[in-house]
Amino acid sequence: MAAGRQEDYDAGIVKELDIEAYEDSGLRQSKMSLASENRDEGQSGWWNTALSFGQRSWNLPGRSFWLAHRGAYHLKKRRRMEGVSPGKAAHYQRREDSGPSGSSTGEVPGTAEAARQRFTSHRASHEGYVELHELIMDHNNEFRWLEASHWIKLEEDFDDLGHWGRPHLSYLTYRSLLDVRRAFTKGTILLDLEEKSLAGIANQVLDQMVFEGQLKTDDRELVLRTLLLQHSHPDGSTSLGSFSPARLQRTEAKDVAEPLLQEHQQIEMKILPSSSEKEESTSGILKKPLSEKISPEAEATLVLVGCASFLERPTLAFVRLKDAVELDSALEVPVPVRFLFVLLGPESPHISYHEIGRAISTMMSERVFRNDAYLAEGRPDLVKSVEEFLDCCIVLPPSEIQNETLLKALLPVQKELLRKRYLPVEKKLPREELIESLEFWRSPHSIRKKNQFSQEHAEKQLKDQVGKPDDDDDPLSRTGRLFGGLVKDIKRRYPKYLSDIKDALDPQCLAAVIFIYFAALSPAITFGGLLDDKTKHWMGVSELLLSTAVQSGLFCLLGAQPLLVVGFSGPLLVFEEAFYKFCGDIQLEYIVGRVWIGFWLILIVVVVVAFEGSFLVRFISRYTQEIFSFLISLIFIIETFIKLIKIFGDHPLQQEYRNSTTFQDDNPTTPQPNTALLSLVLMAGTFFLAFFLRKFKNSSFFPGKLRRVIGDFGVPIAIFIMALADNLIGDITYTQKLKVPKGLQVSNPAARGWFINPMGLDTNFPIWMMFAAALPALLVFILIFLESQITTLIVSKPERNLVKGSGFHLDLFLIVSMGGVAPLFGMPWLSATTVRTITHANALTVVAKTTVPGEKPHIQQVKEQRLTGFLVAILVGLSILMEPILKLIPLAVLFGIFLYMGVTSLNGIQLYDRILLMLKPPKYHPDEAFARKVKTWRMHIFTLTQIVCLAVLWGVKSSPGSLALPFILILTVPLRRYLLPFIFSDLELKCLDSDDAHVTFDETEGQDVYDEVQMPV
């Protein structure tokens, strides 16, 4: 009879419910589903969640029906028919006025709008923050939840010393990962729960646990009280190690007639502290940095694990809330909670609840699994995500590791696994599946307009996924029209001119002006002093300062990329020296010859810009850049010691010095005592001081801001200290000083004025040289083209997030044209300087304060404006009036800066690294693509080709034909493009000649802007 009544009751339930709805695959896969997998009664293991409690069977009415027809259904109606008190859990499934697919009120399920929401939900994930709380017993023998660890991509644990440890990679046990998989396979899963409080969530979870058989009804109240215990966070006096793990025991049962809700209110009022008390108890020193690390859009995951001895088996639940809510006093920081994971179970030597909690916390902090958790529509999706996570895990066997360096072999394996896992950053629907999905979910009552909108939306999403670059946004794309690139640069950049002024009204820009002023002034003085020495006073500090001020100011007002810092550079100094020697050999006026070179420069740049020749910069690879940079660095270093040797030759070390002149003589004709030694000390001291301060910037001493200020002003500080030391010595020892004219005078007022007559100063300039100047003009153009265009490429990398764009054609036209006019006034031509430009961009970069530990800093904004460069140009121009100060700087100090620029320019040059690798055994080679993916002997052959090119260039530079140096340099481009592919494979060339320099910022410890530069200083 009992069996007959059971069957009649089941039949009545079938009659009441819409059975056809359960056959709908869409409903069975609904994210509102309470579906649970078929449970094998004979399956062993503590995760078996059969609907039985010990020896007592829980025969719910209609149980056989529910096992046969599980899916999305109305929980309130189900409980009403079963006679079970619904409680709050009746409301989590979906509201009565919602559509059958869980859509909101008033939305017709299956329409194009629902399909679009279904598609756009793939973009719903947020940055994650995870807290792991463990159940402990405090010193007052009271139970509470204590935060053990938290995750912001990396794990941070509170150690026994009373402070939070450094962020580190999570290391998980293999068993804990298997336990997590079993948890998702057999545990309770509630998706899109509509609750706003921890008490409501706990009630819903326990109702479902009781229904699924994971929890006895007798244990429900005690587990509920456990979940509502106080949440505390460690400080200097409390940590997880100072308490013993809690072991909940069953206590004497309370009166069943006592209202449970009243008890909940008493618990919350008596135990849970107020927000003000929580703020007082929480260390402000700890809380503030943590809140700064978390993104404002982040959503949290709360993981609760503990030991409950009265339970027969582990009870666990995974909850995803429909809307993220802030749970009062639960988390250390006010972050809305989206996910909740609960695990309580009996004590067992084979189960570590702490490790299981760490495992699920680590998984929820990983962006792919977290994104899958947002998108999951049921248990199978979550289980699949766990399995995909396990596929990318590496298991270390229990074998002794003799050397820690052996673990480095795992890095390439892990990178390959991550590459495959992150290759599709988000799971995208292919075109066919997307269209089919839209067709499937489209309602028969939808009108044609909505259908058409759905198709257009799908097409738009597909187009966005392809991500094809738009040629209109590529500044190097050719238009096929005369001056087409120049016009496009103007149309792209000048409409944003007003914003270039408004964006400069920021305190950060003022700080950047002060910093960049010294960064521009130091090389201007250094190169000016060396230029004065190499050209025998035809050009010097005053001409270079004035040229920098005028050209930089005009470029900042008219250029397309005002972040570029225009100045003098090493390659131009080498050319000026070579051209001066050439003019001296053939008895030509050097300063007049520069004027005709300037005229030809203007003609050349007009032709190149007219035919959009800037696109040629794409063919200049790292191969050529590194040869050029290494050559200039070599010239800097060798020239420094040549100058020092010359000083030792003019002032040799002697036991006795006769007829030594006084120090009022600017050019003593007799050797001076101790001059050579003091010059050596000044040069070496300046070099080591500047180099140490640059390294000090990336050290661990002092706070970061103070350390960066000291490092950024390292060169001016070194010049100031060593010049002060020289002046403190006074008249005891003579040193040659920097020659600076007073006011706006030229360096050699006796020989020329500010305007240079193109026809000649003292004699008529030969007509044949007027036309022959086209050849050196072409060589100067090559130097300016190389440095300016490659500098623009570096500063325009996508990682820098510049939004206003660049203009290669317009910038090249302005820089070369101003350089063509400058020789008329006896001033040097300039180019964009790589290191100073990167420094300028870094000074104007706003790095997000919510930098996740262990994650590379990401740019929030770059102050793209024109006023900082313009104000720096004005300040540099006013520095001409600093003649009383500048003339106190010894030339030996400038030689030290020259040596510093040569040595630091070697950083980031892969050619230099590979030359050093030729002296090292292969086992000491770095874990870089050019060393690991290319055979060692073939890597050395590639390096030898560059060394041969370097030797040829040095030979040309040292010969009478040194003017041809830029032309020989440019020949390395076709050498790399057409000859080397016959010797090396494509893979080898990609490894050896790829631009793998990463963007660095001043805020990044251990990084340096020189590491990003392959071009000379």
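Predicted model: local features only at pLDDT ≥ 70, side-chain atom pairs only at ≥ 80, totals over all residues.
Local features require pLDDT of at least 70 and side-chain atom pairs pLDDT 80 or more, whereas totals for chains, interfaces and linings use all residues. Residues are numbered from 1 along each chain as its sequence is written, and side-chain values use heavy atoms, without hydrogens and water.

Helices here are DSSP runs (H or I, at least four residues), numbered from the N terminus. Helix H24 (residues 590–610) and helix H30 (residues 774–795) have axes that come within 8 Å and cross at roughly 60°; the axes are lines fitted to C-alpha atoms over the stretch in contact, with angles from 0 to 180 degrees between N-to-C directions. H24 is therefore oblique to H30, a class left for angles that are not under 35 degrees (roughly parallel), over 145 (roughly antiparallel) or 65 to 115 (roughly perpendicular). From H24, Ile597, Trp600, Leu601, Ile604, Val605 and Val608 meet Ala774, Pro776, Ala777, Leu778, Val780 and Phe781 of H30, contact meaning heavy atoms within 4.5 Å. The residues of this contact comprise 12 nonpolar, no polar and no charged; Ala, Val, Leu, Ile, Met, Phe, Trp, Tyr, Cys and Pro count as nonpolar, Asp, Glu, Lys and Arg as charged, and the others, Gly among them, as polar.

Helix H14 (residues 367–375) is mostly covered, with eight of its nine residues buried. Buried denotes under 20% relative accessible area, exposed over 50%, and partly exposed the range in between (1.4 Å probe, protein chains only). Among the buried residues of H14 are Arg370 and Asp372.

Salt bridges are the next topic. The count comes to 33, each requiring a side-chain nitrogen of Lys or Arg within 4 Å of a carboxyl oxygen of Asp or Glu. Arg419 is partly exposed at 44% relative accessible area, and Glu416 is partly exposed at 34%.

Glu543 and Arg752 are also joined by a salt bridge, with their closest N and O atoms 2.8 Å apart. This pair links distant parts of the chain, 209 residues apart: Glu543 is in helix H22 (residues 541–558) and Arg752 is in the loop between helix H28 (714–729) and helix H29 (767–772). Glu543 is buried, with a relative accessible area of 0%, and Arg752 is buried at 5%.

Technical notes: Helix = DSSP H or I, 4+ residues; strand = E, 2+ residues; numbered from the N terminus.
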